[in-house]
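Please keep the sequence and the structure in view while reading.

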Amino acid sequence: MRKNPIRFLLSGVIVSFGLSSPLLAQAQQQVSNAQVAAMVEALRRAAPQTGSSNDGLHSEWQVKPETLKGWSKSCLKRELTPTQFENSPAIARQVVSCITRRELNQQFRATSNDETAAVRGVACWWMTGNYTGCNSGFTADYVQKVVGFYQQQRSKLLIPN
């Protein structure tokens with residue numbers, strides 16, 4: 001081994017990566033399907049009801065048309081019209097689930113896997129486009145509703161801590 005110290009060093013690096021990859025995978029663990037389902041349902045249940053059918057928002061999640069275009073293209077690889085989104089609850093749920101998974105994963109990483117903080121961040125983002133700043137007024141009330149509905153769903157789905 002002394003004849004080739006670079007080879008020895010390289011094998012140590014390879015072994016280190018091999019041992020650390022399970023830890024790395026665990027640190028980047030993705031949210032479960034049950035967590036996504038609980039969040040999607042919480043967002044649906046907390047969606048503000050404007051009382052107007054012509055409010056410019058679509059589906060039970062109250063999504064803006066311009067938002068819908070990007071989300072559907074990202075998740076389905078094709079743009080949906082607001083009418084297609086509105087008329088197909090299954091497709092709407094699929095798109096919302098896709099975006100919710102992306103955002104929950106990001107917030108779990110950003111909050112060091114603090115589930116409540118991640119849910120709060122996603123709820124704030126859903127309403128405002130920002131992960132923070134929903135500490136007062138209407139947005140704070142909305143975020144609190146989402147967290148409450150999420151916890152209800154979480155307990156129904158028996159998501160482990």
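## Helix α6 and its surroundings

Helix α6 covers residues 115-128, which is 14 residues, and it reaches 20 Å from its first C-alpha to its last, close to the 20 Å expected at 1.5 Å a residue. The expected span is 1.5 Å times one less than the number of residues in the helix. Helices (H or I, at least four residues) and strands (E, at least two) are DSSP runs, numbered from the N terminus.

The model is predicted: local features need pLDDT of at least 70, side-chain atom pairs count only at pLDDT 80 or more, and totals for chains, interfaces and linings use all residues. Residues are numbered from 1 along each chain as its sequence is written, and side-chain values use heavy atoms, with hydrogens and water left out.

At the start of α6, a side-chain oxygen of aspartate 114 comes to within 3.2 Å of the backbone nitrogen of threonine 116. Just after the helix, glycine 129 has a positive phi of about 90°.

Several residues of α6 are buried, among them Glu115, Val119, Val122 and Trp126. Buried means under 20% relative accessible area, exposed over 50%, and partly exposed in between (1.4 Å probe, protein chains only). The cover over the buried residues of α6 includes α2 (33-46), α3 (65-76), α5 (89-110) and α7 (137-157).

Glutamine 107 is found in helix α5. Glutamine 107 has a relative accessible area of 6%, so it is buried. Leaving aside neighbours within four places in sequence, glutamine 107 is in contact (heavy atoms within 4.5 Å) with Ala118, Gly121, Val122 and Tyr131. With such neighbours again left aside, methionine 39 is in contact with residues including Leu104, Val119, Ala123 and Val146.

## Disulfides

A disulfide, a pair of cysteine sulfur atoms within 2.5 Å, is a covalent bond between the sulfur atoms of two cysteines. By this rule the count is two.

| Pair | S to S distance | S-S torsion |
|---|---|---|
| cysteine 75 and cysteine 98 | 2.1 Å | about -85°, left-handed |
| cysteine 124 and cysteine 134 | 2.1 Å | about 80°, right-handed |

Cysteine 124 lies in helix α6 and cysteine 134 in the loop between α6 and α7, so this pair ties together parts that are ten residues apart in sequence. Both cysteine 124 and cysteine 134 are buried. Cysteine 75 counts as buried at 19% relative accessibility, whereas cysteine 98 is partly exposed at 30%.

Definitions and conventions: Polar contact = N/O pair within 3.5 Å; in protein donor to acceptor, adjacent residues only side chain to side chain.
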